[in-house]
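Reader: I would like to learn how to read ring pairs and helix packing in a model. Please take me through one case.

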Amino acid sequence: MVRTVIGGLVGGFALFITGFIFWGTPLSALALSRTDEQASANLQAAMAQALTPTGTGVYTIPDPSSAQGTVLYGKGPVAQIFYNEGGFPVMDSGALIGGLILALIAGVIIAMALRFIAANFGDRMRVAILFPLAAVLWMHVGQAVFNHAPWGYILYLAFSDFVGVALAGVIAAKLMETKAELLGTDPVH
């Protein structure tokens, strides 16, 4: 059990670092679209005017819940906006600390799941790769399929999450390997 927890913590740390590499460095420019400063200021002012009265939330624009909204939605342009009415630092240390804690918890959960479902390194490694692949296909690529989200962003997000979660699982699987497995004397083989 100690190897499982250590493997999960190291795997979770690798998950956090992988996320930082993909999203906290200039590499993230591959996924994000940009607009010029004036257009950005205009959009920010429009959001502040239109969305602040209803508050922080996720908005589909135009709202297709009415007949007029459905027509406008069909004509386009459309957007899904993750709106936060308050500002926060670009590099928010509180979010980084919370993200590290979340990654460590996720790593331990991944390691526990691998321990419960697979008896040897080979099986754990296969699960550590196949499950994240299925998860990102459904949860991320599904957004592009069902909600017409931009493919470039979605594929980058899916790839970054797959790499991070699979890496966390493979590291956990390796670190929980027993001496018997390393020597090839594990009766499960």
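Reader: How many aromatic pairs does a search of the whole structure find?

Author: In general, a pair of aromatic rings is described by the distance of the centres and the angle of the planes. Rings of Phe, Tyr and Trp (its six-membered ring) pair if their centres lie within 6.5 Å; planes under 30 degrees apart are stacked, over 60 edge-to-face, and the rest tilted. The search of the whole structure finds 6 aromatic pairs. One of them joins F22 and F159, with 5.8 Å centre to centre and 80° between the planes, and is edge-to-face.

Author: Two points on the source. This is a predicted model, in which local features need pLDDT of at least 70 and side-chain atom pairs count only at pLDDT 80 or more, while totals for chains, interfaces and linings use all residues. Residues are numbered from 1 along each chain as its sequence is written, and side-chain values use heavy atoms, with hydrogens and water left out.

Reader: Which parts of the chain does the pair of F22 and F159 link?

Author: Helices here are DSSP runs (H or I, at least four residues), numbered from the N terminus. F22 belongs to helix α1 (residues 2-23) and F159 to helix α6 (residues 151-175), so the pair links distant parts of the chain, 137 residues apart.

Reader: What lies over the face of F121?

Author: A charge sits over a ring if NZ of Lys or CZ of Arg is within 6 Å of the ring centre and within 35 degrees of the ring normal. Here K174 lies over the face of F121, at 5.2 Å from the ring centre.

Reader: Now the helices. At what angle do α1 and α4 pack?

Author: In general, two packed helices are described by the angle between their axes and the distance between the axes. Axes are lines fitted to C-alpha atoms, for helices over the stretch in contact, and angles run from 0 to 180 degrees between N-to-C directions. Angles under 35 degrees count as roughly parallel, over 145 as roughly antiparallel, 65 to 115 as roughly perpendicular and the rest as oblique. For α1 and α4 the angle is about 135°, with the axes 7 Å apart. That makes α1 oblique to α4.

Reader: How do α4 and α6 cross, and which residues make the contact?

Author: The axes of helix α4 (residues 93-117) and α6 come within 9 Å and cross at roughly 55°. That makes α4 oblique to α6. Contact means heavy atoms within 4.5 Å. The contact is made by I110, A111 and L114 of α4, and by V165, A168, G169, A172 and A173 of α6.

Reader: What is the arrangement of α5 and α6?

Author: Helix α5 (residues 121-147) packs with α6 at an angle of about 160°, the axes being 8 Å apart. That makes α5 roughly antiparallel to α6.

Reader: Which residues is T18 in contact with, leaving aside its neighbours within four places in sequence?

Author: T18 is found in helix α1 and is buried, at 6% relative accessibility. Leaving those neighbours aside, T18 is in contact with S160, V163, G164 and L167.

How values were computed
Helices (H or I, at least four residues) and strands (E, at least two) are DSSP runs, numbered from the N terminus. Buried means under 20% relative accessible area, exposed over 50%, partly exposed in between (1.4 Å probe, protein chains only).
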